[in-house]
Amino acid sequence: MKTLTYACVAIVLVIAGAGPSLLSAQTPAPSLAKEIAAGDKYGYKPTPEMSSFGEQLVHVAGITQRFMDTAKGTKTEAPHHAATAKPEIIELLKKTFQNAHDMMTPLTDAQLLEPVKFPIGDRTVTRATFWQGPLYQIRNHHGQLVVYLRLNGIVPPTTARR
């Protein structure tokens, strides 16, 4: 489970950090001001009603935080999509994923088999299944963000290494 967690976190951080930076390398800008503005595509939306690239990442951090809060017994609201700048989003993801890692790492196999309430819906699952929730969200949004990158003519970093 640790390997999967690290892999999913790495994928999202690579896309969050490197993906939009690659956008400016794909098409030369006619001026330095336009090049700087074009480098941050966190506001990109494939269609107006969809979440932006940045909002997708904020959502991933928010849902992960919701799982952590539930694990601590704290009630939280559903994550919201906030307009946030690239550096803030990257910092939010790093902090959230580190906190989740710190919560999961000390768990023993016996603790992972204990029943707990799932934060979405009304059901009880093992703690191991509980922690699959944020991992599912990370994988789901990774797939969506790959499409966003491809729509901008970018080969996703996770694909480019092959």
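The chat below walks through a predicted model of a protein chain.

Biologist: What kind of model is this, and how are the residues numbered?
Modeller: This is a predicted model in which local features need pLDDT of at least 70 and side-chain atom pairs count only at pLDDT 80 or more, while totals for chains, interfaces and linings use all residues. Residues are numbered from 1 along each chain as its sequence is written, and side-chain values use heavy atoms, with hydrogens and water left out.

Biologist: How many helices and strands are there?
Modeller: The protein chain has eight helices and two strands, where helices (H or I, at least four residues) and strands (E, at least two) are DSSP runs numbered from the N terminus. Starting at the N terminus, the order is α-α-α-α-α-β-β-α-α-α.

Biologist: And how much of the chain is buried?
Modeller: Of the 162 residues in the protein chain, 36% are buried, and buried means under 20% relative accessible area, with exposed over 50% and partly exposed in between (1.4 Å probe, protein chains only).

Biologist: How do α3 and α7 sit relative to each other?
Modeller: The axes of helix α3 (residues 53-72) and helix α7 (residues 132-151) come within 9 Å and cross at roughly 175°; axes are lines fitted to C-alpha atoms, for helices over the stretch in contact, and angles run from 0 to 180 degrees between N-to-C directions. The two helices α3 and α7 are therefore roughly antiparallel to each other, given that angles over 145 degrees count as roughly antiparallel, under 35 as roughly parallel, 65 to 115 as roughly perpendicular and the rest as oblique.

Biologist: Which residues in α3 and α7 meet?
Modeller: From α3 they include F53, H59, V60, I63 and F67, and from α7 they include Q137, H141, L145 and Y148, with contact meaning heavy atoms within 4.5 Å. The residues of this contact divide into ten nonpolar, seven polar and no charged; Ala, Val, Leu, Ile, Met, Phe, Trp, Tyr, Cys and Pro count as nonpolar, Asp, Glu, Lys and Arg as charged, and the others, Gly among them, as polar.

Biologist: What does Q137 touch?
Modeller: Leaving aside residues up to four places away in sequence, Q137 touches H59, V60 and I63. Q137 is in helix α7 and counts as buried at 15% relative accessibility.

Biologist: Switching to rings, how many aromatic pairs are there in the whole structure?
Modeller: A search of the whole structure finds seven aromatic pairs, where rings of Phe, Tyr and Trp (its six-membered ring) pair if their centres lie within 6.5 Å, and planes under 30 degrees apart count as stacked, over 60 as edge-to-face and the rest as tilted. One of them joins Y44 and Y148 edge-to-face, at 5.9 Å centre to centre and 85° between the planes. Y44 lies in the loop between α2 (32-38) and α3, and Y148 in helix α7, so this pair ties together parts that are 104 residues apart in sequence.

Biologist: Is Y148 buried or exposed?
Modeller: Y148 is buried, with a relative accessible area of 3%. Y148 also forms a tilted pair with F53, at 6.4 Å centre to centre and 50° between the planes. F53 lies in helix α3 and Y148 in helix α7, so the pair ties together parts that are 95 residues apart in sequence.

Biologist: Which residues do ring pairs link into a cluster?
Modeller: The cluster consists of Y42, Y44, F53 and Y148, and F53 counts as buried at 2% relative accessibility.
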